[in-house]
Amino acid sequence: MSKDNAWMKYPEGKKREKVFAFAEDYRRFISECKTERECTAAIYEDAIKHGFVDFDEAVKTGKKLKKGDRIVANNMGKGLALFIIGKKPLEEGMNILGAHIDSPRMDLKQVPLYEDTEFAMLDTHYYGGIKKYQWVTLPLALHGVFCKKDGTSVKVNIGDKPGDPVFGVSDLLIHLSADQMEKKGAKVVEGENLDLLVASIPMAEEEKEKAKDLVKANLLKILEKEYGVEEDDFLSAEIEVVPAGDARDYGFDRSMIMGYGHDDRVCAYPSYRAMLEVKTPEYTSVCLLVDKEEIGSVGASGMQSRFFENTVAELVNLTGEYSELKVRRALKNSKVLSSDVSAAFDPNYPSVMEKRNAAYFGKGLVFNKYTGSRGKSGSNDANAEYMAKLRNIMDTNEVAFQTAELGKVDQGGGGTIAYILANYDMNVIDSGVPVLNMHAPWEIISKVDLYEALRGYVAFLKEA
């Protein structure tokens, strides 16, 4: 079943300008928001400007919710749940767009700073599935927060502002790489070798008697002066190492965007923007943005926590008479798009894809009925009835969409948050945007697929 290229729907002029304008909004977003904390803060602030009320404040004041009311719940600064209360009672279900806002990266260890041969280095532990060799010789930035014992926090963003220094992981020169080049890809660069080079000037002559490692001592002096932090503050810090630089238009025709963190912010951002297109829906509209998907959706800010369930229980209480049964019904009767990326067909690597069931640039929003690996292990595998309903919604609203699997049957596979939400008996399917270079420092997406995702998400919230 051949699908038309979605660009054909948007000829030169105002129609295409809308595609590019939305893509530019998104390009700025992922350039400025490279961590789950930054995504949460930016979307929360914008949501408040668009009339969303803070969840904790609503609970504290006992605000009685009515149709059309907007609520945003902040989960530890690392995730959000946004609600627009519908005309129907919550127990009849919600239409949920669920995406994650964490991305593969490197994290500083809790005791990261050391000196070796008069270099100051920061030790890292990579986060999520990466090809480690892709992260060397790149300009890298530090984003995150130091939490101090006195209860104050110091935000860090070094490497992305004009005039900032950048950091990096060195690699072995080709002239001395005979042994390295014989290694398998997984071993070319080891995880314990992904240490950042961050300084090389020793402490001044008049001060060096007070310190053993002079370059490290000089760096600590800089950190104390610039940020008011000391070495022990790394113990309660969350500093992420991410590619430095803005997302960029890609290709002569500027039809694509290369940037860090498309997985999964290319789904999270249009999910949030779709909420802004909804006024008073039939069923309560939800945008659920979570952390920790790349490492199994674990932890208090991951999808496996009780955050969403607890929030829904509180909303049931604020919209009427509370009962545990109403909460169970609200969850069971919901419909979900687990908005996560899919692997785009790459003409440089055709052997890992089965062409009839692959995702392509320019063909629009992707539905993955199942993901998993090999024999669908770990897959959600959506119901055919639900898929039929979604096909009707997309076709009625002229949304370009495609279906795909994540590569050939025995080639690999992957997972999302879909199966976790399905544990509540919800109807759930994976849907998102195809990505090239997935999990690399710089990924690529098509602007028209991004735009069709927005349109598809709006249609789902209004009509599912």
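**Nonpolar packing and backbone features of the predicted model**

In this predicted model, Leu 173 occupies the loop that runs between strand E8 (153-158) and helix H4 (185-188). Together with Leu 172 and Leu 176, Leu 173 forms a nonpolar surface patch of about 280 Å². Leu 173 is classed as partly exposed because its relative accessibility is 43%, a value that falls between the limits of 20% for buried and 50% for exposed residues.

The interior was examined next. In soluble globular proteins, nonpolar side chains tend to be buried together. The largest nonpolar core of the model comprises 62 residues, and the members that touch the most other members are Leu 82, Leu 337 and Phe 367. The greatest contribution to this core comes from helix H11 (residues 447-463), which supplies ten residues. Another core, of 34 residues, lies apart from it; Leu 196, Leu 220, Phe 234 and Val 241 are among its members.

The surroundings of Leu 82 were then considered in detail. When residues up to four places away in sequence are not counted, Leu 82 touches Ala 47, Phe 52, Ile 71, Val 72, Tyr 272, Met 275, Ser 285, Val 286 and Cys 287.

Helix H7 spans residues 307-319 and contains 13 residues. From its first C-alpha to its last, helix H7 reaches 18 Å, close to the 18 Å expected at 1.5 Å a residue.

Asp 264 belongs to helix H6, which covers residues 262-275.

Glu 118 is not a glycine, yet its phi is positive, at about 65°. This residue is located in the loop between strand E5 (105-116) and strand E6 (119-127). Glu 118 counts as exposed because its relative accessibility is 53%, and the class of exposed residues begins over 50%. Asn 437, likewise a residue other than glycine, has a positive phi near 65°. Its position is in the loop between strand E21 (434-435) and strand E22 (443-446). With a relative accessible area of 34%, Asn 437 is therefore partly exposed.

Note on methods. Residues are numbered from 1 along each chain as its sequence is written. This is a predicted model: local features need pLDDT of at least 70, side-chain atom pairs count only at pLDDT 80 or more; totals for chains, interfaces and linings use all residues. Side-chain values use heavy atoms; hydrogens and water are left out. Helices (H or I, at least four residues) and strands (E, at least two) are DSSP runs, numbered from the N terminus. The expected span of a helix is 1.5 Å times one less than its number of residues. Patches are made of residues with over 30% relative accessible area and no salt bridge: like charges are joined within 9 Å, nonpolar side chains (Val, Leu, Ile, Met, Phe, Trp, Tyr) within 5 Å. Accessible areas come from the Shrake-Rupley method with a 1.4 Å probe; for residues, only the protein chains shown count as cover. A salt bridge is a side-chain nitrogen of Lys or Arg within 4 Å of a carboxyl oxygen of Asp or Glu. Buried means under 20% relative accessible area, exposed over 50%, partly exposed in between (1.4 Å probe, protein chains only). A nonpolar core is a set of buried Ala, Val, Leu, Ile, Met, Phe, Trp, Tyr and Cys residues joined through side-chain atoms within 4.5 Å. Contact means heavy atoms within 4.5 Å.
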